[in-house]
Structures are given as structure tokens and as C-alpha cells.
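Here are my notes on the model, for reading beside the sequence. They take the aromatic residues and then the strands.

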Amino acid sequence: MSTQTMKSDEEFDQKCANPDGCKTIDLLIETSEKDLGGFTVRRVLPTRQRRMVGPWIFFDHMGPANFAAGEGINVRPHPHVNLATVTYLFEGEILHRDSLGSFQAIRPGDVNLMVAGKGISHSERERPEVTQVAHRLHGLQLWLALPEADEEIDPAFYHYPSADIPSAEVDGVAIRVIIGSAYGATSPVKMYANTLYVEAHLRAGQKITVPNAQERAVYVAEGELSSGDTLISECSMAVLSNAPTIELTATRDSRIAIVGGETMSKRYVEWNFVSSRRERIEQAKADWSAQRFPKVIGDEDEFIPLPQ
């Protein structure tokens, strides 16, 4: 899902700052709320100053949103190429359909990995059982840039129930290893590039040591952290330095996401398309305009037009 339109890879308006004298943080990214009609989204990545953290090239914080009965998420079919989407909910439910025939309700703690590869289309809506009553939605949606050798692989869909995602306590901090390996646990979620994604819940005063990776960042979905004298406020991301040991302290009860992985080559981003080749994005745009992408099975009647 791209809940906001990116017209080109030059239009990223988040506020960024380089904290003076902080040896553990290279960049602080502040998000701003965008109201999409009763639904708030904060875009974190990409920014002008930082396009990617490891293979992560897109990071949206959805909600929290409260919907009245009869309302909810209703994202019509749209396309992707050369990337993989990762959907992870804190609250609520989204119904995923795609052109492979996947039909999957995503619930809190589940991990939904949709690999676009050479091209896929999908929709994200809600089941009638959900929309007929007042409900709430809150979560993260991220995109992974596929390695250049895998950009044009066949599309695929993987769903991992919450019970399959490893969890543990590290010095009293509750963590889940969503993708990759950290804190002695390894996620079953399929990887292409070396990838890190960890969720942690910290009580005020608790500390966490960030796992090592070539590139790393921490996003504060709820609460507040500190690294030395530098505060990382709620709904902000700190892109971390290559310091060998980085310890973060919760100044309030906090829910955080630690993301990162191996350094990737340059990627272009436009609308729902990501690629190492600008001409591939132009081809995808032309294919979507001509409706040459495969249809979403069970949701064939509507689609989101290519933005002009």
C-alpha cells in the first residue's frame, strides 16, 4: 500500500537534523502528520538527506486511526515492481488480495511479505465483519529494495502468523525479531538482502543495545528514547552511526522498531515503483497505464490510475 503519492524521487519533505556532538546518531528524521480523510499517515523514509537504511527504502507509520462503523481502509488495486512490501500491524486488521490469488487477513503481530519482483498488483481493504462496527487501525508499512540480481524474480507472497515470529526478553526488554537475526533469535521471514527488523517494548528507564548491521536506524512509534544527551522523540527516526556499541534508553514507556541491513546500490522511486534502473520505472508506468499488469484476483473491477 502506498497511502500517499510520491510523484518523483525528489519530493520528500520530512524535517531532518544532524545532532551536534552525538557520536551515535548521524541523522534525526522528524515526521509530519498527513490527514488522508480520517486516517493519519506519517512518512519516515525516503527523505532528501537519507533515501535508504540498508535495504529499507520506504517506511510509513499508519494511524492510530479510529473508524466509525461503515468506514475503514479501502485501497483499490495498484502495482509494484522490483521491491517487497512488509506490513506489520499493532492494532486492527487489513485484508490483502493480489494478482497471485492471495487472500489473507493481516492481524496484529503477523508479518505479511509481498514480493513484487517483475510485477504484482494488490489491494488492501477490510472484511465486512470489521467495517460493520467501530474499529481501530495502527501499524507500520515498509518496502524493501530487492538486490539487483533479484529485482525481476517472479512475484511471491508469504504470510507469517504472529505465533511464528520469535520473541524474547533481553535484560527485561520484550523484543520480537521480525526479520533477520538478533539477540540470539532468527526470524523465519524470507530475506533477499541482509536485513534487520526488530520490535521492542521498553519501560521508562530500560535500556537496549542495538544489534550490529552495516546500516541501522531506530523509529519510535510510541514513547521517547535517548542516546546520550540526544532525545529521539515519538514518531521520529534516528539513523545511527557505525559506532561499535549503541545503547538506547527509554525516557518514557516506548514501542520501537529497529531496522537496517546491508548497504544497497542506488534506487529510484516513483509512485509505487522502486528500481535500480530509471527506465524500468518508466516501463512500469506505461504498463500500468495500459493495464498490462495482471489483475487482482477477486478484485478486478477497480484500480488506482497512474498519477499525472
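1. Start with the aromatic cluster. W271, F273, W288, F293 and F303 belong to one cluster of aromatic residues. Please keep in mind that this is a predicted model.

2. How many aromatic pairs are there? The count comes to 9 aromatic pairs. One of them joins Y88 and F90 in an edge-to-face arrangement. Their centres are 6.1 Å apart, with 80° between the planes. Y88 and F90 are both buried.

3. W288 and F303 make another edge-to-face pair. Here the centre-to-centre value is 6.0 Å, and the planes stand at 85°. This pair links distant parts of the chain. W288 sits in helix α2 (residues 278-289), while F303 lies in the segment after α2, and 15 residues separate them.

4. Is W288 buried or exposed? W288 has a relative accessible area of 3%, so it counts as buried. F303 has 34% relative accessibility, so it is classed as partly exposed.

5. R255 lies over the face of the F90 ring, 4.0 Å from the ring centre. F90 therefore deserves a look from two sides: it is buried, so is Y88, and the two rings form the edge-to-face pair of point 2.

6. Strand β7 covers residues 83-91 and strand β10 covers residues 111-115. The two pair in the antiparallel sense over 4 bridges. What is the bridge partner of T87 in β10? It is N112.

7. Strands β8 and β9 form a hairpin, with 4 residues between them. β8 spans residues 94-98 and β9 spans residues 103-106. Their pairing is antiparallel, over 4 bridges. R97 stands opposite F103 in β9. In the turn, check G101: its phi is positive, at about 95°.

8. One general point for viewing the strands. Side chains in a regular strand alternate between the two faces of the sheet.

Note on methods
Residues are numbered from 1 along each chain as its sequence is written. This is a predicted model: local features need pLDDT of at least 70, side-chain atom pairs count only at pLDDT 80 or more; totals for chains, interfaces and linings use all residues. Side-chain values use heavy atoms; hydrogens and water are left out. Rings of Phe, Tyr and Trp (its six-membered ring) pair if their centres lie within 6.5 Å; planes under 30 degrees apart count as stacked, over 60 as edge-to-face and the rest as tilted. Buried means under 20% relative accessible area, exposed over 50%, partly exposed in between (1.4 Å probe, protein chains only). A charge sits over a ring if NZ of Lys or CZ of Arg is within 6 Å of the ring centre and within 35 degrees of the ring normal. Two strands pair if DSSP finds at least two bridges between them.
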